[in-house]
Amino acid sequence: MPESRSHTRTETRQASQLQLEDAWRVVVLNDPVNLMSYVVMVFKKVLGFDETKARRHMLEVHEQGRSVVWTGVRETAEAHVFSLQQWHLTAVLEPDEAR
Amino acid sequence: MKRVEVKLSLPVVAPLLDVIRELSCDLEKNLAAPQALHDLDPEFRGAWIGELLAGQNDDLRALLALFGGEFFSEGIVAFDETNAEPIVRACTAVRLHLRERRLKSLSDESLETGDIDMDGLDEITRKAFMCYLFLATVQELIIQHLDSSIIGS
């Protein structure tokens, strides 16, 4: 029994550590250059958003200076940040502390 | 294949090409939008930036190729599914660089609204701002006409 409990505790710790490590946010920051229509198009293309969602996030970037456009595992978050940067949007990776 | 041809005014656009070429040269080794990559492993960061730069240079070549023989003989440029995406991105790269290098004297608000007294600008800034507006127009044209069929998701 003790051995089993210890094993469970280790697994729990590893799982929560992994969960923390895996929770990342892709954040897009505002810039004064990119056209609104361009940002909407990039969100649709890179993140697969529909028109309404893309416009909502674009307006959030425009009005609040930033928008969290994706949350999830680090590897996918990095891929999204890279793609957004290819389109010259200012995109950063942040640990998702809420999770 | 969907193709959009646009007839441009040669006397207006040709002088702007010098600005685009000059900035494109400058962008060969610099990212148009420097990114905060401090969260990445240093070795990975180098590869990351290298790949972004290579893509940026490919895009800029596509933009410059737009202004070839057909443009100088008839003033026509054509967008299709092969060049639309790289050109839209390249326009952004040059616009970002124009802001950094030539339009620092203009406020971000003025750049966003376009509310600028052209007569009050010196020659270099006026040309840079015209180039900035021209590239935005090219982007709008491509997004409007090719978005759903070519660029859209």
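B:Pro86 is found in helix α4 of chain B, where helices are DSSP runs of H or I with at least four residues, strands are runs of E with at least two, and both are numbered from the N terminus. With 19 C-beta neighbours inside 10 Å, B:Pro86 counts as partly exposed; a residue is called buried if 20 or more other C-beta atoms lie within 10 Å of its own, exposed if 12 or fewer, and partly exposed in between, the C-beta atoms being placed from the backbone. Leaving aside residues up to four places away in sequence, B:Pro86 touches B:Asp58, B:Asp59 and B:Ala62, where contact means that the C-beta atoms of two residues, placed from the backbone, lie within 7 Å. B:Pro86 and B:Asn57 are 29 residues apart in sequence, and their C-alpha atoms are 9.7 Å apart in space.

This is a predicted model, in which local features need pLDDT of at least 70 and side-chain atom pairs count only at pLDDT 80 or more, while totals for chains, interfaces and linings use all residues. Residues are numbered from 1 along each chain as its sequence is written, and chains are lettered from A and ligands numbered from 1 in the order in which they are written.

Chain B as a whole has six helices and two strands, which follow one another along the sequence in the pattern β-α-α-α-β-α-α-α. The radius of gyration of chain B, taken over C-alpha atoms, is 16 Å, close to the 15 Å that the globule rule (2.2 Å times the number of residues to the power 0.38) gives for 153 residues, so chain B is as compact as a globular protein of that length. Along the principal axes, the C-alpha atoms of chain B fill a box of roughly 50 × 45 × 25 Å, and buried residues make up 27% of its 153 residues.

The predictor's confidence in each residue is given as pLDDT, from 0 to 100. For chain B the mean pLDDT is 90, and 95% of its residues reach 70 or more. The model scores ipTM 0.89 and pTM 0.87.

Chain B also meets chain A, with 25 residues of chain B in contact with 18 residues of chain A. On the side of chain B that touches chain A, α2 (42-65), α4, α5 and α6 (123-151) of chain B each supply at least two residues. The residues of that side divide into eleven nonpolar, six polar and eight charged, where Ala, Val, Leu, Ile, Met, Phe, Trp, Tyr, Cys and Pro count as nonpolar, Asp, Glu, Lys and Arg as charged, and the others, Gly among them, as polar.

Turning to chain A, an open sheet of three strands has the order β2-β1-β3, with antiparallel pairing; two strands pair if DSSP finds at least two bridges between them. In this sheet, β2 (66-72) and β3 (90-95) of chain A stand at the edges, each with a single partner strand, so one side of each is left without a neighbour in the sheet. Six bridges join strand β1 (residues 24-29) of chain A to the antiparallel β3(A), and in β3(A) the bridge partner of A:Val28 is A:Ala91. A:His88 lies in the loop between α4 (74-86) and β3 of chain A and has a positive phi of about 65 degrees although it is not a glycine.
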